[in-house]
Amino acid sequence: MRAALQASAPALEPDDFQPAVVKLGGSIVRGGTLAGWLEVIADVQRPIVVVPGGGALADEVRHCQRQLGFGDATAHRMALLAMDQLAWAIAGMTPGYEVGSTIEDLRKIHRRGLVSVWAPSVYLADRTDVEATWRLTSDSLALWLAGKLGAQSCCVVKSGSIAHRPLSADSLRHDGIVDEAFPAMLRETGVSAAMFGQGDESDLAAFLAGESPAPMPVTA
């Protein structure tokens with residue numbers, strides 16, 4: 001496990017930080033498979049940044065918005081806080097994970113031999129280059145962060161089964177698997193993206209380790 005390597009992990013210069021971003025859908029938490037995915041990620045010997053979905057906490061924000069009538073900008077901030085809470089949950093349930101907000105935080109966490117988990121609210125709250133509507137959720141935010149980090153890839157993990165074939169971002173959006181902003185964000189960032197679903201833990205491990213190509217690459 002990654003936690004056992006903390007003492008011997010080499011210190012890296014900032015330019016050496018070219019992570020893979022792994023977005024874990026909030027539905028994985030509800031499905032009870034989160035721990036298995038976290039074990040797979042912790043065993044990978046490369047920089048990893050985990051982006052959590054908002055899960056049931058983000059769903060509650062949607063419900064509150066309908067009930068109370070506040071606007072999308074407020075809902076956006078609350079949904080970011082939902083992602084923060086799941087980031088802290090991930091770091092609290094598995095050794096070798098630590099929460100970070102800024103890009104420098106994420107770099108420092110990796111230098112200590114840990115997996116970084118992104119809590120986005122502080123970093124994103126006052127930015128004007130990130131759309132503050134429900135069109136853009138944690139799926140697109142994972143791509144956005146991957147672009148900012150110069151990440152080698154962005155792996156989007158969902159709870160359902162995903163067909164093992166190249167996937168169009170537009171078809172994924174049309175089917176409700178990713179958010180509305182995802183196709184445009186993929187084109188804008190130019191990040192290499194791939195989808196993983198139920199039962200694909202070994203495929204994710206092999207891809208992150210560089211042992212095999214992504215079985216489900218996403219085309220722009």
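Setting aside neighbours within four places in sequence, Ser-116 is in contact (heavy atoms within 4.5 Å) with Ile-48, Val-49, Val-50, Glu-98, Leu-106 and Ile-109. The model is a predicted one, in which local features need pLDDT of at least 70 and side-chain atom pairs count only at pLDDT 80 or more, while totals for chains, interfaces and linings use all residues. Residues are numbered from 1 along each chain as its sequence is written, and side-chain values use heavy atoms, with hydrogens and water left out.

Ser-116 belongs to strand β4 (residues 115–118); strands are DSSP runs of E with at least two residues, and helices are runs of H or I with at least four, both numbered from the N terminus. With a relative accessible area of 1%, Ser-116 is buried, a term that means under 20% relative accessible area with a 1.4 Å probe and protein chains only. A polar atom of the Ser-116 side chain lies 3.3 Å from the backbone oxygen of Ile-48.

Turning to strand β7 (residues 193–196), Ala-193 and Met-195 point one way and Ala-194 and Phe-196 the other, and all are buried. Strand β5 (residues 153–157) runs parallel to β7 and is joined to it by 4 bridges; pairing requires at least two DSSP bridges between two strands. Cys-154 has Ala-193 of β7 as its bridge partner. Strand β8 (residues 217–219) pairs with β7 in the antiparallel sense over 2 bridges, and here Ala-194 stands opposite Pro-217 of β8.

Notes: Buried < 20%, exposed > 50% of the residue type's maximum accessible area, 1.4 Å probe, protein only. Polar contact = N/O pair within 3.5 Å; in protein donor to acceptor, adjacent residues only side chain to side chain.
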